[in-house]
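Thanks for coming. I will go through one model today, starting with a term and then moving to the ligand site.

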Amino acid sequence: MKKIYDLAIIGAGPGGIATSVEAILLGLKEVIVFEKSNNHSDTIRKYFKDNKRVDKDWKGIKVELKGNIHFTDGTKESTLDLFDTLVANKDIEACFNEEVYGITKQNNLFEIKTIKENEYYAKNIVISIGTMGKPNKPSYKLPVNLKDKINFNISECKNNEEILVVGGGDSAVEFAYYIAKQNRVTLAYRKESFSRVNPINLHQLFDFVEKDLINLQLNLDIQKVEEKNNKLEVYFSNNQIKQFDRIIYALGGSNPTDLLQRCGILLDSENKPLIDKNLRNHQEGVYLAGDIAGNVGGSIALALNHGYIISSHIQKHKPAK
Ligand SMILES: Cc1cc2nc3c(=O)[nH]c(=O)nc-3n(C[C@H](O)[C@H](O)[C@H](O)COP(=O)(O)OP(=O)(O)OC[C@H]3O[C@@H](n4cnc5c(N)ncnc54)[C@H](O)[C@@H]3O)c2cc1C
């Protein structure tokens, strides 16, 4: 006999965890969460530097929490502690190292297939895979044999390196100032000013620029990157050529479109999932939560609210026994 879950959630980040917690609190019985890495919250673990400040109103977007999860300003560690406690809930079946490959619908049931070729069945699906699985890359070619020195987060950074951070959002600014004390850091952004960065990050950035800890280069694009003597030689739009030990691109993330398509998700012309006010895609029983559902970039608090909205909708529309 195959087990049928009330709800299967793909991705154990804030959106997936919140959906599972709220669903259990609202009375759903069989809830399973699939996570491709060996622990929950992989984006936070990978992309947040130790002791990073975590803002509830990330990027200045004020969010009123709707659900039952008490999330406040804190640090990477306090945020992971909160999610550790939530995931420890015995009623939630968390399946780590289980990457979902796609879903199909058969006779009102969803069949979930994983990379390891396991199959699971559920009445409702929530896709909360974030957007960081596929970081945006620059349009120019990058030297393949130096790919270890071309990163999309700061986890590989050593000390005393000449590092170029590329980007103009909060992630780029945070990456730059987290590594600036141990390295020589240049932050290059192609526009002449920052428009999307929160005031605290901007303040910290300009403080570091004044103290000569960060070399800020605005209005500067990159034309090409080549290898020279095992370094990355960068050709800038102002005709400058400079060598770096490492480049970190913080250009945001794009939707993992292939997976969404293998899940039968309807996408708009920009490959963003189409959702209604309950975060439901066109198929009955299929929802999107967290960053993958957002049009204006996401945040932990927004992902938590998605979990509550979706679980409430599923509970309300559960067929009577
Ligand atoms: C550098 C940086 C700093 C940030 N700082 C803040 C901040 O201070 N405050 C704030 O509110 N937000 C911040 N954010 C944004 C915040 O991290 C995201 O909004 C939040 O993590 C989104 O949660 P999510 O559940 O949608 O996706 P994610 O956190 O990306 O989680 C998705 C999960 O799905 C898993 N997954 C992906 N594909 C599969 C698959 N096929 N099968 C199974 N599992 C899969 C991933 O491994 C991951 O664990 C920051 C982001 C970055 C990059």
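I call a residue buried if its relative accessible area is under 20%, exposed if over 50%, and partly exposed in between, using a 1.4 Å probe and protein chains only. Helices (H or I, at least four residues) and strands (E, at least two) are DSSP runs, numbered from the N terminus.

This is a predicted model, so local features need pLDDT of at least 70 and side-chain atom pairs pLDDT 80 or more, while totals for chains, interfaces and linings use all residues. Residues are numbered from 1 along each chain as its sequence is written, and side-chain values use heavy atoms, with hydrogens and water left out.

Now helix H4. Nine of its 10 residues are buried, among them Asp170, Glu174, Phe175 and Tyr178.

Next, the ligand. Counting residues with a heavy atom within 4 Å of the ligand, 32 surround it, and Gly15, Glu35, Thr43, Asp55 and Asp291 are the closest. By class, that shell has 12 nonpolar, 10 polar and 10 charged residues. At least three shell residues come from each of domain 1 (4-133 + 253-316) and domain 2 (144-249); the bounds come from an automatic or database domain assignment.

For polar contacts, I take pairs of N or O atoms within 3.5 Å. A polar side-chain atom of threonine 43 is 2.5 Å from a ligand oxygen. For aspartate 291, a side-chain N or O atom is 2.8 Å from an oxygen atom of the ligand. Isoleucine 300 uses a backbone N or O atom, 2.9 Å from a ligand oxygen.

Helices H1 (14-25), H2 (42-47) and H4 (170-179) and strand S3 (53-54) each give two or more residues to the shell.

Methods. Polar contact = N/O pair within 3.5 Å; in protein donor to acceptor, adjacent residues only side chain to side chain. Nonpolar A, V, L, I, M, F, W, Y, C, P; charged D, E, K, R; others polar.
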